[in-house]
Amino acid sequence: MLHISRLLALVGVVSLAFAANKAHAVGAPAGSNIDNTAVVTYSVGTVTATTTSNPTSVTVAEILDVVVTLQTPNVPVVPGATQQEMLYRVTNAGNGPEAFLLSMASVIGGDDFDPVAAAPAIYFDTDASGDLSPGDVPYVAGSNDPLLDADDFVAVLIVNDIPNSVADGNRGRASLTAAARTGTGTAGFEYAGAGVGGTFAVVGTTEGDGTATGEYLVSGITLDAAKTAAIADQFGGQRPIPGATITYSIVVTATGTGSALSTVFSDAVPANTTYVPGTLTLNSVSLSDGADADAGEFTTTPNARVVVQLGTLATASGPQTIQFAVTIN
């Protein structure tokens with residue numbers, strides 16, 4: 001039997017390389033043959049002679065390696081949310097076909113809460129949508145373990161429910177592990193006869209298994225709007241009489257984590273008043289009244305009102321102050 005270090009030298013194993021979340025299989029394909037015959041040419045007088053050595057053949061052993069990579073950044077969730085998925089990629093980084101046992105964990109130290117595993121908790125992303133869809137196939141250990149050729153990968157979703165008791169900003173961790181069905185262990189450990197074509201199966205640098213961990217982030221952003229009114233009458237006072245001007249100021253503030261998307265401010269012009277053209281501002285910057293490139297608009301459809309597109313708001317956005325004026329009829 002060849003010593004394991006000699007065998008590895010013969011098959012020319014190279015280390016894993018990583019690029020763009022893709023792991024590349026090691027070396028020559030498992031089960032392929034390395035054949036060699038030496039030739040000796042010599043002369044006896046004027047005669048040239050040739051002799052050959054006996055042929056040698058070495059069958060490349062199988063390397064057991066796998067890489068698991070998280071494809072989803074922090075997943076924003078809310079208390080009580082169900083069927084919250086994380087997307088992973090499992091890549092066979094060995095040099096031969098291998099089946100992998102998948103498992104997930106949601107009780108992991110160092111976070112704020114434990115996600116609750118759904119049933120089923122692991123799916124194949126069958127339709128390549130990146131999220132849990134009706135066509136995605138549940139994983140059943142021992143029944144449909146992914147069998148991957150060297151360099152092949154499979155997209156896998158793990159699915160959890162979020163407890164009702166979590167608070168804004170809490171983080172909960174969950175992980176996916178893939179392990180070679182042939183075996184795992186210390187790098188260099190060999191399984192005699194378990195590789196392709198009855199060769200050795202040798203545990204690689206990943207020790208035959210891999211794990212990646214993602215986080216759920218409880219994101220409960222809320223928006224608050226505070227409105228004030230300042231009155232100025234035509235006689236220099238602050239009386240709400242016909243002809244007086246009311247200037248409204250509304251401050252929109254975001255609190256919590258995460259982002260509020262596609263935020264739109266809308267305020268109807270009160271009855272018995274008329275909008276004062278050109279008075280609409282956002283954070284002291286004038287906005288035009290027409291439907292054009294800036295964020296503001298005065299419209300009469302379906303009713304007289306001012307509209308301001310605030311876009312994405314987060315705590316870091318700071319207060320957004322909208323102002324406009326009306327006159328009392």
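How many bridges join strand β10 (residues 84-92) to strand β15 (residues 153-161), and in which sense do the two strands run? Eight bridges join β10 to β15, and the two strands run antiparallel. The structure is a predicted model, in which local features need pLDDT of at least 70 and side-chain atom pairs count only at pLDDT 80 or more, whereas totals for chains, interfaces and linings use all residues. Residues are numbered from 1 along each chain as its sequence is written, and side-chain values use heavy atoms, with hydrogens and water left out.

**Confidence and overall form**

- The mean pLDDT of the chain is 90, and 92% of its residues reach 70 or more; pLDDT is the predictor's confidence in each residue, from 0 to 100.
- Over residues 1-23 pLDDT stays under 50, and for this stretch the model has 43 contacts beyond four places in sequence (a contact means heavy atoms within 4.5 Å).
- The chain holds one helix and 28 strands; helices (H or I, at least four residues) and strands (E, at least two) are DSSP runs, numbered from the N terminus.
- With a radius of gyration of 34 Å, well over the 20 Å that the globule rule gives for 329 residues, the chain is more spread out than a compact globule. The radius is taken over C-alpha atoms, and the globule rule is 2.2 Å times the number of residues to the power 0.38.
- Along the principal axes, the C-alpha atoms fill a box of roughly 130 × 55 × 35 Å.
- Of the 329 residues, 37% are buried, where buried means under 20% relative accessible area, exposed over 50% and partly exposed in between (1.4 Å probe, protein chains only).
- Among contacts between residues at least 6 apart in sequence, 71% join residues at least 24 apart.

- Strands of a sheet pair through backbone hydrogen bonds, either parallel or antiparallel; here two strands pair if DSSP finds at least two bridges between them.
- Strand β10 is joined in turn to β8 by five bridges in an antiparallel arrangement, with Val 68 opposite Val 90 in β10.
- Strand β8 (residues 66-70) is largely enclosed by the rest of the structure, because four of its five residues are buried.
- Arg 89 lies over the face of Phe 153, at 3.8 Å from the ring centre. A charge sits over a ring if NZ of Lys or CZ of Arg is within 6 Å of the ring centre and within 35 degrees of the ring normal.

**Two open sheets**

- Five strands form an open sheet in the order β9-β19-β16-β11-β14, with mixed pairing. Its edge strands, each pairing on one side only, are β9 (75-77) and β14 (147-148).
- In this sheet, strand β16 (residues 171-180) and strand β19 (residues 209-218) pair in the antiparallel sense over nine bridges, and Arg 171 stands opposite Leu 217 in β19.
- Two bridges link β17 to strand β18 (residues 201-203) in the antiparallel sense, and Glu 190 stands opposite Val 202 in β18.

**Aromatic contacts**

- A search of the whole structure finds five aromatic pairs. Rings of Phe, Tyr and Trp (its six-membered ring) pair if their centres lie within 6.5 Å; planes under 30 degrees apart count as stacked, over 60 as edge-to-face and the rest as tilted.
- The rings of Phe 189 and Tyr 191 have their centres 5.0 Å apart and their planes at 75°, so this pair is edge-to-face. Phe 189 is partly exposed at 43% relative accessibility, and Tyr 191 is likewise partly exposed at 24%.
- The rings of Tyr 248 and Phe 324 form a tilted pair, because their centres are 5.4 Å apart and their planes lie at 40°. Tyr 248 lies in strand β21 (residues 245-255) and Phe 324 in strand β28 (residues 320-328), so the pair ties together parts that are 76 residues apart in sequence.
- Tyr 248 counts as buried at 12% relative accessibility, as does Phe 324 at 1%.
- Tyr 248, Tyr 275, Phe 298 and Phe 324 form one aromatic cluster.
- The charged end of Lys 227 sits over the ring of Tyr 248, 4.4 Å from its centre.
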